[in-house]
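Q: Can we go through the side-chain contacts in this one? Start with the surface, then the rings.

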Amino acid sequence: MTQALKGVRILDFTHVQSGPTCTQLLAWFGADVIKVERPGVGDITRGQLMDVPNADSLYFTMLNHNKRSITLDTKNPKGKEVLTALMKKCDVLVENFGPGVLDRMGFPWETIQKINPKLIVASIKGFGPGPYEDCKVYENVAQCTGGAASTTGFRDGLPLVTGAQIGDSGTGLHLALGIVTALYQRNSTGKGQRVTAAMQDGVLNLARVKLRDQQRLAHGPLKEYSQFGEGIPFGDAVPRAGNDSGGGQPGRILKCKGWETDPNAYIYFITQAPVWEKICDVIGEPTWKTDPNYAKPPARLPRLNEIFGRIEQWTMTKTKFEAMEILNKDDIPCGPILSMKELAEDQSLRATGTVVEVDHPQRGKYLSVGNPIKLSDSPTVVTRSPLLGEHTDEILKQVLEYNDKQLAEVHGSGALEPPRKVAAAE
Ligand code: CAO
């Protein structure tokens, strides 16, 4: 079986997390992803949060599967020449450098268009055009400036960032969609184009329900937020709502058996209106089915603390998995709080390839996420990340068709070595 993006060649100029997420996904769909790295150092994450001495970190390996690595000093004249040649041979260039880096390197959009008018140039930046366009940005900055942090956490606590990397990996996903869309449009126009995804925009896109609530605030209190039932007035901006459900069906995280010692003995419980009567039966409150104070959703909204308190009395008598089993039989939406340990050991996630075991020459076997998007006609086989510069000669010979003389010239030019440090006296 072939793969969806077979034949597409990506010049991968990405580093850290956001850009590599995007190109890894394209590689999983079959694209030939050529990662260009600085000689000697490579992607900075290779050496960050290292757990095994002299081995690429999990940070790097888990973001760079199925890619090839070429080292190239793109500030060296010969390095620029090789980069230009690669641009001619690729369909897409992806980068997430700081603002202005590509221009300073000598490759503004106008130049790239002349080199290869069909090349799609895809970029991640922290912000779109505007007051912050020149700023460098990391994950948590994006979460804070995209509206996620101000709406995450508890009302009486600090704004909170989430463990899900919505700024980096989230924007990488957005960019990947932009790239395949541009590839599709190129089929009819024959032209490349610029694709940009700003991390602030990506986070705001994912936090859209809070922008919805911001506008609802103008028309009255947000009745599904627990603060409404507690009689606490709303301010002029969407407040943090703890674990209240973001949708129209109230939900909360509730304690389960063992919560005193297990930090993850909890379940998310949703009081979905169509199954309200079943919920009443399960928790032992059959009179709530007809009591006007509980029977209909609007009557329940001011009483959510009381209602969830009663449901929690029931969940505390069950483990999170026992509760899940009982509730699922009645189609009551719920979900146990699963720890990373539980997810790593989950055999069904292994079976679907969502969690995979990969072998690496420096570090041995490790776990990684696999492709979360399943295509029935384009299977993903996760292969290990490349060592730094592992494919330099292979790419020069195979992609650029360099002969031995040309290869020797590149090797003699210094373009494949770390730039020489100039001593102060020189
Ligand atoms: N050969 C020679 N030089 C190279 C090179 C190569 N192969 N690859 C990169 N470089 C140089 C660049 O030319 C640039 O040099 P100048 O600053 O002199 O122009 C420098 O390395 C890299 O610059 P940078 O600004 O991208 O890197 P940084 O570590 O200072 O900043 C980051 C990192 C992530 C803050 C910044 O890249 C950024 O804001 N990116 C956009 C937003 C983003 O993706 N953030 C998420 C990162 S994941 O958390």
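**Surface and rings**

A: Leu-173, Ile-373 and Leu-375 make a nonpolar surface patch of about 230 Å². This is a predicted model: local features need pLDDT of at least 70, side-chain atom pairs count only at pLDDT 80 or more, and totals for chains, interfaces and linings use all residues. Residues are numbered from 1 along each chain as its sequence is written, and side-chain values use heavy atoms, without hydrogens and water.

Q: Where does Leu-173 lie?

A: In helix H7, residues 168–189.

Q: Why does Leu-173 count as partly exposed?

A: Because its relative accessibility is 42%. Buried means under 20%, exposed over 50%, partly exposed in between (1.4 Å probe, protein chains only).

Q: Switching to rings. How many aromatic pairs does a search of the whole structure find?

A: Five. One is Phe-13 with Phe-97: centres 5.0 Å apart, planes at 65 degrees, so edge-to-face. Rings of Phe, Tyr and Trp (its six-membered ring) pair if their centres lie within 6.5 Å; planes under 30 degrees apart are stacked, over 60 edge-to-face, the rest tilted.

Q: What does the Phe-13 and Phe-97 pair tie together?

A: Phe-13 is in strand S1 (9–13) and Phe-97 in the loop between strand S4 (92–95) and helix H4 (101–104), so the pair ties together parts 84 residues apart in sequence.

Q: Is Phe-13 buried or exposed?

A: Buried, at 4% relative accessibility. Phe-97 is buried too, at 16%.

Q: Which residues form a ring cluster?

A: Trp-276, Trp-288 and Tyr-294, linked by ring pairs.

How values were computed:
Patches are made of residues with over 30% relative accessible area and no salt bridge: like charges are joined within 9 Å, nonpolar side chains (Val, Leu, Ile, Met, Phe, Trp, Tyr) within 5 Å. Accessible areas come from the Shrake-Rupley method with a 1.4 Å probe; for residues, only the protein chains shown count as cover. A salt bridge is a side-chain nitrogen of Lys or Arg within 4 Å of a carboxyl oxygen of Asp or Glu. Helices (H or I, at least four residues) and strands (E, at least two) are DSSP runs, numbered from the N terminus.
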